[in-house]
Amino acid sequence: MTASSAGAFISFEGGDGAGKSTQIKLLADAIRDAGREVVTTREPGGSPGAEAIRKLLLEGSADKWSPVTEALLMSAARADHLERIIQPALARGAVVITDRFADSTMAYQGLAGALGEKTVIALYDLVVGNRGPDLTLILDLPIEEGLKRAGATGGQEQRFESKGAAYQEKVREAFLEIARREPDRCFVVDASGSAEKVAARIRNIVEKKLPALFNA
Ligand code: TYD
């Protein structure tokens with residue numbers, strides 16, 4: 001396999017309403033235009049089994065699950081997603097772009113939530129190990145703006161949005177902390193401004209970090 005046809009694994013992270021889905025679509029289109037297969041997916045979910053778990057996780061009241069049960073469900077979904085979607089796609093040389101991955105568990109459950117880092121790390125070692133992303137883009141936005149955008153999309157999946165502004169602020173801080181810890185993998189992207197402007201910031205990072213994606 002040549003370097004340019006090796007698979008690549010990219011995750012997008014950030015608070016609710018940071019514009020991840022729009023940016024994922026724009027990046028996926030750009031990489032496809034360069035001649036690569038791109039698989040876009042999301043967490044929790046991404047495979048049929050994990051999507052069933054997603055429903056359990058995102059609907060209902062904020063205190064529906066205990067912190068440990070919540071993290072176990074996220075991890076079970078992630079194991080299925082990795083086995084059935086992500087790993088097979090990478091093995092055939094595709095570029096996988098996921099809307100959230102394990103950093104969300106560290107941010108929401110571990111650092112901002114009540115679970116603590118140690119348990120999250122143990123679950124990571126069990127489920128992900130060395131199969132994590134090559135590149136993680138953390139879309140950063142003031143929480144008032146993010147909640148406004150997330151509220152506008154509505155729907156039934158409001159369990160995490162309903163946890164309140166103080167929690168969302170902690171989540172934002174948690175992602176910035178994760179980026180400080182892993183500067184080789186994680187890049188913070190200013191998510192304010194037009195979609196085109198944010199897309200250009202992202203494209204810049206991806207071209208530097210994974211140049212082979214645009215030189216197929
Ligand atoms: P989603 O609809 O993907 O929201 P967003 O548009 O903000 O990405 O819902 C996912 C929610 O689940 C989001 O609030 C973050 C939360 N979550 C966790 O708490 N832990 C996790 O490990 C993952 C993957 C998501």
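Predicted model: local features only at pLDDT ≥ 70, side-chain atom pairs only at ≥ 80, totals over all residues.
**Ground rules.** I number residues from 1 along each chain as its sequence is written, and I leave hydrogens and water out, so that side-chain values use heavy atoms.

**Overall chain.** I looked up the secondary structure and found 8 helices and 5 strands, taken as DSSP runs numbered from the N terminus (helices H or I of at least four residues, strands E of at least two). Along the sequence I read the order β-α-β-α-α-β-α-α-β-α-α-β-α. The radius of gyration is 16 Å, close to the 17 Å that the globule rule gives for 216 residues, so I note the chain as being as compact as a globular protein of that length; the radius is taken over C-alpha atoms, and the rule is 2.2 Å times the number of residues to the power 0.38. Along the principal axes, the C-alpha atoms fill a box of roughly 50 × 35 × 30 Å.

I then checked burial and found that 47% of the 216 residues count as buried (under 20% relative accessible area, with exposed over 50% and partly exposed in between, using a 1.4 Å probe and protein chains only). Among contacts (heavy atoms within 4.5 Å) between residues at least 6 apart in sequence, 76% join residues at least 24 apart.

**Ligand site.** I listed 16 residues around the ligand, the closest being Asp16, Lys20, Arg100, Thr105 and Gln109; a residue is near when one of its heavy atoms lies within 4 Å. By class I recorded 5 nonpolar, 3 polar and 8 charged residues in this shell, where Ala, Val, Leu, Ile, Met, Phe, Trp, Tyr, Cys and Pro count as nonpolar, Asp, Glu, Lys and Arg as charged, and the others, Gly among them, as polar.

Taken alone, the ligand exposes 530 Å², and the protein buries 90% of that (Shrake-Rupley method, 1.4 Å probe). Helix 2, helix 3 (67-91) and helix 4 (102-111) are the elements that give two or more residues to the shell, and helix 4 has the largest share with 4 residues.

**Arg100 backbone.** I placed Arg100 in the loop between strand 3 (95-99) and helix 4, and at 11% relative accessibility it counts as buried. Arg100 has a positive phi of about 80° although it is not a glycine.

A cis peptide bond, with omega about -10°, joins Glu43 and Pro44. Most residues other than glycine have a negative phi, and most peptide bonds are trans. Pro44 sits in the loop between strand 2 and helix 2, and I found Ser47 in the loop between strand 2 (38-42) and helix 2 (48-58). Ser47 is buried, because its relative accessibility is 2%, and beyond neighbours within four places in sequence it contacts Asp80, His81, Arg84 and Ile85.

Gly113 lies between helix 4 and helix 5 (117-127) and, at 26% relative accessibility, counts as partly exposed. Not counting residues up to four places away in sequence, Gly113 touches Ala107, Tyr108 and Tyr167.
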